[in-house]
Amino acid sequence: MTELRELQEVIDVCSELKAVACCDFVGLAIQNKVGPDVRWHYATGNLNDKYKRITVRFGKGIAGKIISSGSPMMMTDYPNDIFGKMTDYPIALAEKLVSSYAVPIFFNHVPKGVLLVGKREKYSFSEEEQEKVKASALSLEQILKKHLL
């Protein structure tokens with residue numbers, strides 16, 4: 001399988017979202033085919049390559065929480081507005097994200113991935129920005145369907 005970070009369509013959607021949402025970071029996480037763990041596969045605006053080594057359990061971290069709930073999640077002032085410990089949010093720690101908005105990506109109506117946008121300052125994403133993230137997630141669902149199934 002081609003690495004997701006090498007797919008031009010994925011790069012284009014994430015780069016465009018980074019520009020239109022005026023955010024510092026865009027990341028894409030997918031649940032492993034075998035087992036419950038979730039791994040970050042692609043990022044733009046990243047400070048380093050730590051995201052490639054981050055794996056979280058189903059229900060843990062931003063990605064694990066989104067996949068287990070199937071619902072979007074916003075964080076506006078990390079680490080001040082979180083439940084649990086700072087270390088429960090490794091992508092926010094690694095990328096110095098203070099605010100983020102993440103939505104699930106569905107495969108066959110089951111949440112299996114996450115699209116996250118983040119800023120390195122306190123911020124609350126507007127309804128319009130949230131809709132842009134959701135639209136990009138739908139585009140990525142179509143792209144990934146071709147490459148992961």
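Strands β5 and β6 form a hairpin with two residues between them, and Asn-108 in the turn has a positive phi of about 50 degrees. The model is a predicted one.

**Strand pairing**

- β5 and β6 run antiparallel to each other and are joined over nine bridges.
- Within this pairing, Ser-100 has Gly-118 of β6 as its bridge partner.
- β6 also pairs with β1, again in the antiparallel sense, over six bridges.
- Here the bridge partner of Ala-29 is Val-114 in β6.
- Eight of the 10 residues of β6 are buried, so the strand is largely enclosed by the rest of the structure.

**Ser-99**

- Ser-99 lies in strand β5 and is buried, with a relative accessible area of 0%.
- A polar atom of the Ser-99 side chain is 2.8 Å from the backbone oxygen of Glu-121.
- Apart from neighbours within four places in sequence, Ser-99 is in contact with several residues, among them Met-75, Thr-76, Val-117, Gly-118, Lys-122, Tyr-123 and Phe-125.

**Nonpolar cores**

- The largest nonpolar core contains 24 residues, and those with the most contacts inside it are Val-10, Leu-28, Ile-105, Leu-115, Val-117, Leu-140 and Leu-144.
- At least two residues of this core come from each of α1 (8-20), β1 (25-31), β5 (99-107), β6 (110-119) and α4 (127-148).
- Helix α4 gives the largest share, five residues.
- Leu-28 touches residues including Leu-4, Val-10, Ile-105, Val-114, Leu-140 and Leu-144, with residues up to four places away in sequence not counted.
- Other residues touched by Leu-28 include Arg-39, Trp-40, His-41 and Tyr-42.
- A second, separate core has 23 residues, including Ala-29, Val-38, Ile-62 and Leu-116.

**Cysteines**

- Zero disulfides are found in a search of the whole structure.
- Cys-14 is in no disulfide, and the nearest cysteine sulfur, that of Cys-23, is 9.7 Å away.
- For Cys-23, the closest cysteine sulfur is in Cys-22, at 7.8 Å, which is too far for a bond, because a disulfide needs two cysteine sulfur atoms within 2.5 Å.
- Cys-14 is buried, with a relative accessible area of 1%.
- Cys-23 is buried as well, with a relative accessible area of 6%.

Note on methods
Residues are numbered from 1 along each chain as its sequence is written. This is a predicted model: local features need pLDDT of at least 70, side-chain atom pairs count only at pLDDT 80 or more; totals for chains, interfaces and linings use all residues. Side-chain values use heavy atoms; hydrogens and water are left out. Buried means under 20% relative accessible area, exposed over 50%, partly exposed in between (1.4 Å probe, protein chains only). A nonpolar core is a set of buried Ala, Val, Leu, Ile, Met, Phe, Trp, Tyr and Cys residues joined through side-chain atoms within 4.5 Å. Helices (H or I, at least four residues) and strands (E, at least two) are DSSP runs, numbered from the N terminus. Contact means heavy atoms within 4.5 Å. A polar contact is a pair of N or O atoms within 3.5 Å; within protein, one must be able to donate a hydrogen and the other to accept it, and residues adjacent in sequence count only if both atoms are side-chain atoms. Two strands pair if DSSP finds at least two bridges between them.
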